[in-house]
Amino acid sequence: MATDIQGPAAPAAAVRVEGLTRAFGGRPVLDGLRFDVRPGEFVAVLGRTGCGGSTLVRVLAGLDRDVEGTVLVPRRKAAVFQEPRPPSWKRVVRRRVPLGLPGRAAARTRRAALARAVLREPDLLLLDEPFGALDPPARRRAHRLVGELWRRRGCAVLLVTHDAEEALLLADRVLVLDRGVIAYETGVGLDRPRDRADARFTALRAGLLARLDDAGPPS
């Protein structure tokens with residue numbers, strides 16, 4: 001299959017993935033994956049640890065090209081990964097002078113990584129578990145920050161997460177990734193509840209958790 005991870009994507013889609021396969025040691029982590037992301041759409045890819053989400057982000061970001069299939073993405077893109085690393089001089093400073101509590105330092109680093117990504121004014125923002133190191137209050141603030149930045153910029157966003165509630169709070173649409181393929185997709189919609197106390201939100205979360213249970217651990 002032809003492979004194009006430079007873009008630009010087709011006008012009708014900010015991201016187009018067709019037959020994407022990525023294998024490690026002969027074992028496919030992404031196995032003929034197919035999906036689109038529309039311009040301005042916020043899509044969450046939900047799955048268990050090891051489902052292939054981080055690999056997908058690296059491919060879309062252009063950091064992993066050893067793939068088969070077709071991947072079309074905008075040229076203007078930015079990514080925030082699980083463990084953003086500060087510049088080396090900041091690591092030296094932190095060794096010598098502690099910069100606050102670990103949770104606060106993680107929150108500052110995460111906010112800085114998000115800010116750098118958005119300053120690039122991307123047409124596609126890729127987020128790979130960017131909130132995992134944050135405590136609950138900092139996580140909620142980061143959720144609000146991402147939501148505000150997304151609405152202001154109007155770019156497409158793809159978030160990889162293991163948290164069903166987080167996916168529902170932030171995304172327009174949720175894709176469940178299992179063994180390298182999209183096993184389930186829900187068109188969540190802009191008019192859906194984003195309130196944890198809402199019965200409809202609770203039902204949507206329960207449905208996604210059931211899908212994750214059905215998916216089981218990666219093979």
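## Briefing on a predicted protein model

At 2% relative accessibility, Glu 166 counts as buried, and this glutamate lies in helix α5, which covers residues 164–170. The model is a predicted one, with a mean pLDDT of 81 for the protein and with 79% of its residues reaching 70 or more. The secondary structure comes to 6 helices and 9 strands, and of the 219 residues of the protein, 47% count as buried.

**Surroundings of Glu 166**

- The side chain of Glu 166 makes a polar contact with the side chain of His 143, at 2.8 Å.
- Leaving aside neighbours within four places in sequence, Glu 166 is in contact with Phe 131, Arg 139, His 143, Leu 159 and Thr 161.
- Glu 166 counts as buried because its relative accessibility of 2% falls under the cut-off of 20%.

- An open sheet is formed by 3 strands in the order β2-β1-β4, and the pairing is antiparallel.
- The edge strands of this sheet are β2 (27–37) and β4 (68–72), each of which pairs on one side only, and the twist averages 20 degrees from one strand to the next.
- Strand β1, made up of residues 15–24, pairs with β4 in the antiparallel sense over 4 bridges; in the pairing with β4, Thr 21 has Glu 68 as its bridge partner.
- Helix α1, which spans residues 53–60, lies across β1, β2 and β4, and runs at about 120 degrees to β1.

**The loop between β6 and α4**

- Glu 129 has its place in the loop between β6 (124–128) and α4 (136–153), and its phi is near 45 degrees, a positive value in a residue other than glycine.
- Most residues other than glycine have a negative phi.
- With a relative accessible area of 11%, Glu 129 is buried, whereas Ala 133, at 45% relative accessibility, counts as partly exposed.
- Ala 133 is also found in the loop between β6 and α4, and although Ala 133 and Gln 82 are 51 residues apart in sequence, their C-alpha atoms are 8.1 Å apart in space.

**The loop between β8 and β9**

- Arg 179 is placed in the loop between β8 (173–178) and β9 (181–186), with a phi near 55 degrees, again a positive value in a residue other than glycine.
- Arg 179 counts as partly exposed because its relative accessibility of 43% lies between the cut-offs of 20% and 50%.

**Contacts and surface of the whole protein**

- Among the contacts in the protein with a separation of 6 or more, 71% are accounted for by residues 24 or more positions apart.
- The accessible surface of the protein comes to about 11,200 Å², and 52% of this surface belongs to carbon and sulfur atoms.

**Confidence in the model**

- Over residues 84–102, pLDDT stays under 50, and for this stretch the model has 13 contacts beyond four places in sequence.
- Where pLDDT is low, the predicted coordinates should not be read in detail.

Terms used:
Residues numbered from 1 in each chain as written. Predicted model: local features only at pLDDT ≥ 70, side-chain atom pairs only at ≥ 80, totals over all residues. Heavy atoms only, no water. Helix = DSSP H or I, 4+ residues; strand = E, 2+ residues; numbered from the N terminus. Buried < 20%, exposed > 50% of the residue type's maximum accessible area, 1.4 Å probe, protein only. Contact = heavy atoms within 4.5 Å. Areas by Shrake-Rupley, 256 points an atom, 1.4 Å probe, with all protein chains shown as cover. Polar contact = N/O pair within 3.5 Å; in protein donor to acceptor, adjacent residues only side chain to side chain. Pairing = 2+ DSSP bridges. Axes fitted to C-alpha atoms, helices over the stretch in contact; angles between N-to-C directions. pLDDT = per-residue confidence, 0-100.
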